[in-house]
Amino acid sequence: MKSDSERWLKENAENVLKEVGIRKSQIVLDFGCGSGYYTIPAAKIVCNKGKVYALDKDRSSLHEVIQRAKSQKLNNIQIIKTSGELKIPLEDESVDVILLYDVLHSYYFSVTDRKGLLTEFYRISKPNALISVYPKHMDSEDFRDEMEEANFHFERKLFETLLHYHSLEQDYLLNFRRK
Ligand SMILES: C[S@@+](CC[C@H](N)C(=O)[O-])C[C@H]1O[C@@H](n2cnc3c(N)ncnc32)[C@H](O)[C@@H]1O
């Protein structure tokens, strides 16, 4: 990884997620967590009273998350390996924050599948839970309509320096709240 990305992970990632609204003791789902660019800083913020579920269908990405967590002595990350199914193995109304970073696009999900997933996100999230989206490779206006239909209201748009694949980008995040 390039050194500016490594520096961002060490010095800026936590601040970005604090700006997003993640707080100590919360339960977070990082859906499609990849290698954990956002899982690790989220776990540092929520501390030991909180927990981050790192869910992905890709075994090697999850292996990277485990290695990163070990090297930083983080014990509050629970890995969830799926086969890409839309059903999420978490209880109703059990999650404070869901991160959907660079994952909900058409490369992975049809409109119908995304609708099914949004229903799952509604089921597992607590009332007023935060749903933060990094809307890469998609039309964010259409997506905002889909979120409203799924009972998530738009809260705010943030402009941040973000890690996308292995490079830093200035880009938007969209925050929603579960109704
Ligand atoms: C582009 S990566 C983004 C990773 C991470 N969120 C980030 O922003 O760095 C998308 C991730 O979503 C995962 N993914 C795609 N479809 C999925 C599904 N149906 N269930 C679980 N994970 C999925 C992929 O395996 C991949 O790791």
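These are my notebook entries on a few places I looked up in this predicted model.

**Entry 1: the ligand**

I started with the ligand and asked where it sits. The ligand turns out to lie in the largest pocket. Next I wanted to know which residues come nearest to the ligand. There are 18 residues around it, and G32, D56, G84, Y101 and D102 come nearest.

For Y101, a backbone N or O atom lies 2.8 Å from a ligand nitrogen. G84 also places a backbone N or O atom by a ligand nitrogen, at 3.2 Å. K57 has a polar backbone atom 3.3 Å from a nitrogen of the ligand. I also noted how much of the ligand is covered: taken alone it exposes 600 Å², and the protein buries 91% of that.

**Entry 2: S35**

My next stop was S35, in the loop between β1 (27-31) and α3 (39-46). Is S35 buried or exposed? S35 counts as buried because its relative accessibility is 13%, and the cut-off for buried is under 20%. I then checked what S35 touches, leaving aside its neighbours within four places in sequence. The contacts I found are S61, E64, V65 and R68.

**Entry 3: N12**

I moved on to N12, which has its place in the loop between α1 (3-11) and α2 (13-20). With a relative accessible area of 34%, N12 is partly exposed. I also looked at N12 together with L162. Along the sequence they are 150 residues apart, yet in space their C-alpha atoms are 9.2 Å apart.

I found K73 in the loop between α4 (59-71) and β3 (77-81). K73 counts as exposed because its relative accessibility is 70%, and exposed means over 50%.

Y165 has its place in the loop between β6 (152-164) and β7 (167-178). With a relative accessibility of 52%, Y165 counts as exposed.

Key:
Residues numbered from 1 in each chain as written. Predicted model: local features only at pLDDT ≥ 70, side-chain atom pairs only at ≥ 80, totals over all residues. Heavy atoms only, no water. Helix = DSSP H or I, 4+ residues; strand = E, 2+ residues; numbered from the N terminus. Buried < 20%, exposed > 50% of the residue type's maximum accessible area, 1.4 Å probe, protein only. Contact = heavy atoms within 4.5 Å. Near = heavy atom within 4 Å. Polar contact = N/O pair within 3.5 Å; in protein donor to acceptor, adjacent residues only side chain to side chain. Areas by Shrake-Rupley, 256 points an atom, 1.4 Å probe, with all protein chains shown as cover. 1 Å grid on protein atoms, 1.4 Å probe; cavity = no way out; pocket = protein on both sides within 12 Å on 5 of 7 lines; lining within 4 Å. Sits in = over half its atoms within 2 Å of the grid points.
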